[in-house]
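Subject: Structure for your review

Dear colleague,

Please find below the structure that I am handing over to you.

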Amino acid sequence: MKKAIAMLLAVSSMMSMSVAAFAEDLSDESSSSSIVSSSETSSDESSSDVSSDSSSEDTSSDDSSSSEDETPAVEPSAFVFKADDEGSLLSETILEPGKEYRFPAYVEVGGKQVAISDELLKDYKFTYTRVSASGVKTFKIEEYKGNYYLFVEVKDTTPAKPVDVKYNVKLVRKSNNLSVFSQEVKFSYGYDESNDDYINDLDKGDIVEIDNDRPVITKEQFNKIAKLNDYKNVTLAGAGWQFTVNVTDEPTKNMVFSNAGIKEILSKLPDQDFKFFRFAGKPSFQATGKVSLDVSDVADDFAKLYTYRYADGKMYRINATFNAEDNTLNFRTNKLDTFVVTDQPIKDGFAVSDAQENTSGDSTNADKENPGTGAGDMIHAAVMAGIASLAAAGALAAKTNRK
């Protein structure tokens, strides 16, 4: 019996050792299989990387030979706005109020500039947020004759110094409405100051020529001109006009000038001929001076010359004197405004338009809405106040009844 038990124990021990050896063999095979699999995966990944590099090289090669208008293979990272047809750059040029600019619009993709196109806009759209300043009439990227541009137009205002504007422009993916990137776009609008070198080179008695490209004369420049002329009258002049006045202690002014017509007057009085003298900044002076308007181009055509000031939609008669020697109309004023010369008389105070002109010459608040002060607004306010009173009385009565 003991021998039988010993034999059974021996057999059991041998079987255990065999099972352990078998298990170890299985473990080794599994480990070997895992190593091979890992090696194959590594080989596949390496092959994939090579394929990717090859694809990248092919794409790069294709991009280098393709036009800028093709849709980029990767997402854009920035906007680029190039110079317009006149050479104006959004980031460098002070934009002129009342003028529309078209800046060719591009996006940057992997260091390359790609023109914005219809193909690109199948997947993307733009959003705009004004960050600072106002007075901008148009700011948007749009198609024009097959190409995309950033259109910028400032309201027709006349600030005495450049106004800085900031916008945030986002490129948004249409599929999920998420922003791809956001970019701050900065520019300035207004008018340049008169050249300091020109002012410093003036001699006593010289006429101060106003350049429409740099029509702003600063307080410091006025003081230099006044001191040079012993604080006596000086003559400011532009194309077709002169103004002789004392400029001592005058603040900065925008002297921009044009002969542009006024459509309200032309449509209201179609049977008359006109010549316009427009000082958009409407600069006023502390002293009264003498204005001379050149009418040599209309003096022979107009049977008579009638002079008016146009303000707040009305025509006001000016008693101007005609100088036949130099064909000028002369009168005295302390404000350069909108002056109109015509061949037929107009009733003093004649209303041309209900719309009132901005006569302040200050554009910083030109696009802000004025608070309503008319009778309709007062009635509306009274009605609302009455409703509020009734509501309060009702609430009080309800409170009393609940006690």
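Two strands are said to pair if DSSP finds at least two bridges between them. The model is a predicted one, and in it strand E18 (residues 306-311) and strand E22 (residues 338-342) pair in the antiparallel sense over 4 bridges. Within this pair, Tyr308 has Val340 of E22 as its bridge partner.

Both strands belong to an open sheet of 6 strands, whose order is E15-E16-E22-E18-E19-E23 and whose pairing is antiparallel. At the edges stand strand E15 (257-258) and strand E23 (350-351); each has a single partner strand, so one side of each is left without a neighbour in the sheet.

As to the chain overall, the protein chain contains 5 helices and 23 strands. Of its 403 residues, 33% are buried. Considering contacts between residues at least 6 apart in sequence, 70% join residues at least 24 apart. The accessible surface of the protein chain is about 24400 Å², and carbon and sulfur atoms account for 48% of that surface.

In soluble globular proteins, nonpolar side chains tend to be buried together. Here, the largest nonpolar core comprises 31 residues, and Phe79, Phe81, Leu90, Ile116, Phe139, Ile141 and Phe187 are those with the most contacts inside it. At least two residues of this core come from each of several strands, including strand E1 (78-81), strand E3 (100-109), strand E6 (136-144) and strand E9 (178-189). Apart from this core lies another, of 30 residues, among them Leu236, Phe243, Val247 and Val341.

Ser292 is located in strand E17 (residues 284-294). Ser292 counts as buried because its relative accessibility is 16%, the cut-off being under 20%. Its side chain forms a polar contact of 2.4 Å with the side chain of Asn330. Neighbours within four places in sequence aside, the residues in contact with Ser292 are Gly240, Trp241, Gln242, Leu329 and Asn330.

Lys282 is found in the loop between strand E16 (274-279) and E17. With a relative accessibility of 7%, Lys282 therefore counts as buried as well. The side chains of Lys282 and Asp337 are joined by a polar contact of 3.2 Å.

With kind regards

Notes
Residues are numbered from 1 along each chain as its sequence is written. This is a predicted model: local features need pLDDT of at least 70, side-chain atom pairs count only at pLDDT 80 or more; totals for chains, interfaces and linings use all residues. Side-chain values use heavy atoms; hydrogens and water are left out. A nonpolar core is a set of buried Ala, Val, Leu, Ile, Met, Phe, Trp, Tyr and Cys residues joined through side-chain atoms within 4.5 Å. Buried means under 20% relative accessible area, exposed over 50%, partly exposed in between (1.4 Å probe, protein chains only). Contact means heavy atoms within 4.5 Å. Accessible areas come from the Shrake-Rupley method with a 1.4 Å probe; for residues, only the protein chains shown count as cover. A polar contact is a pair of N or O atoms within 3.5 Å; within protein, one must be able to donate a hydrogen and the other to accept it, and residues adjacent in sequence count only if both atoms are side-chain atoms.
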